[in-house]
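Thanks for coming. I will go through one model this morning, and I will keep to the geometry.

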Amino acid sequence: MSKGFDPKDAYFKRAKSEGYRARSAFKLSEILSSQPLIRKGWTVLDLGAAPGGFLQVLAEKVGPRGHVVGVDLKKIDGLSHAGTVTLVGDVEDDSLVDELKRLHSQYDAVFSDMAPATTGSMATDAARSHRLVERALYISSKVLRPGGVFVAKAFMGPGFDEMVQDIRRSFASVKIARPKATRSRSKECFLVGKSYRPLALEDSV
Ligand SMILES: C[S@@+](CC[C@H](N)C(=O)[O-])C[C@H]1O[C@@H](n2cnc3c(N)ncnc32)[C@H](O)[C@@H]1O
């Protein structure tokens, strides 16, 4: 473990004491508190959702009439919000889109906190992260409603600026957020796209 890295830092302890499954819940809470991205009653998709910290925050935000769908390679159990459904799935698998559409014909917002297995090589890790963002964007092109919201974690590194430019073609506004709960040594940030413009997206990646 590298110097200065504390896996049980203040956010980890706060997550435990407030009943959140992961410290990442605070990253999403901060992004959503600085801008009202989602509303009560919305249907939202969370890609890379295990163990479920984002799902807990999203369930609070959409409320009892809203719907949250979480997807991850790993199984997620035991969430209490009646409108939350979880699927085991890989964003690289095109049949996931059909499964998502069977649950809801359209989604108001798509979130992705997906992270690749890291190698320690900044270029490789960034490329793997960008591929996951690309897949989240592709899935959004199939399920996100016009005007919808897209929030995706991305590692900064080679190719980052080009990826942001690509996302800008599909959303009226794209901002970069780096919540306080993000570890200082981390290369991650969140791309926040508003007002989805469907016609601009390519058909496949
Ligand atoms: C940082 S964790 C997500 C934490 C989650 N947002 C939370 O708040 O609990 C990243 C997740 O991305 C998932 N992931 C990575 N590649 C994926 C893929 N191809 N398809 C689906 N999920 C993936 C991993 O399994 C892992 O659970």
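Around the ligand there are 22 residues, and the nearest of them are Ala22, Ser24, Gly48, Gly53 and Asp113. A residue is counted as near a molecule or strand if its C-beta atom, placed from the backbone, lies within 6 Å of it. This is a predicted model: local features need pLDDT of at least 70, side-chain atom pairs count only at pLDDT 80 or more, and totals for chains, interfaces and linings use all residues. Numbering starts from 1 along each chain, as its sequence is written.

By class, the ligand shell holds 12 nonpolar, four polar and six charged residues. For these classes, Ala, Val, Leu, Ile, Met, Phe, Trp, Tyr, Cys and Pro count as nonpolar, Asp, Glu, Lys and Arg as charged, and the others, Gly among them, as polar.

Next, the helices α2 and α3. Helices (H or I, at least four residues) and strands (E, at least two) are DSSP runs, numbered from the N terminus. The axes of α2 and α3 cross at roughly 35° and come within 7 Å. Axes here are lines fitted to C-alpha atoms, for helices over the stretch in contact, and angles run from 0 to 180 degrees between N-to-C directions. From α2, Ser24, Ala25, Leu28, Ser29 and Leu32 make the contact, and from α3, Gly53, Phe54, Gln56, Val57 and Lys61. Contact requires C-beta atoms, placed from the backbone, to lie within 7 Å. This set divides into five nonpolar, four polar and one charged.

The α4 and α5 crossing is right-handed. Leu96, Val97, Leu100 and Lys101 of α4 meet Ile139, Lys142 and Val143 of α5. The residues in that contact are five nonpolar, no polar and two charged.

Now the sheet. What is the strand order? The seven strands run β3-β2-β1-β4-β5-β7-β6 in an open sheet with mixed pairing, where two strands pair if DSSP finds at least two bridges between them. At the edges are β3 (84-88) and β6 (171-177), each pairing on one side only. On average, neighbouring strands are turned by 15° against each other, direction ignored. β1 (residues 43-47) and β2 (residues 67-72) are parallel partners over five bridges, and Asp46 has Gly70 in β2 as its bridge partner. Helix α4 packs on this sheet, touching β1, β2 and β3, with its direction at about 160° to that of β2. Helix α6 (residues 160-168) lies across β5 (144-155), β6 and β7 (188-196), and runs at about 145° to β6.

Two backbone points to finish. The peptide bond between Ala50 and Pro51 is cis, with omega about 5°, and Pro51 is in the loop between β1 and α3. Ser195, in strand β7, has phi near 60°, a positive value in a residue other than glycine.

Conventions:
A crossing is left-handed if the near helix is turned anticlockwise from the far one by less than a right angle, and right-handed if clockwise. Two residues are in contact if their C-beta atoms, placed from the backbone, lie within 7 Å.
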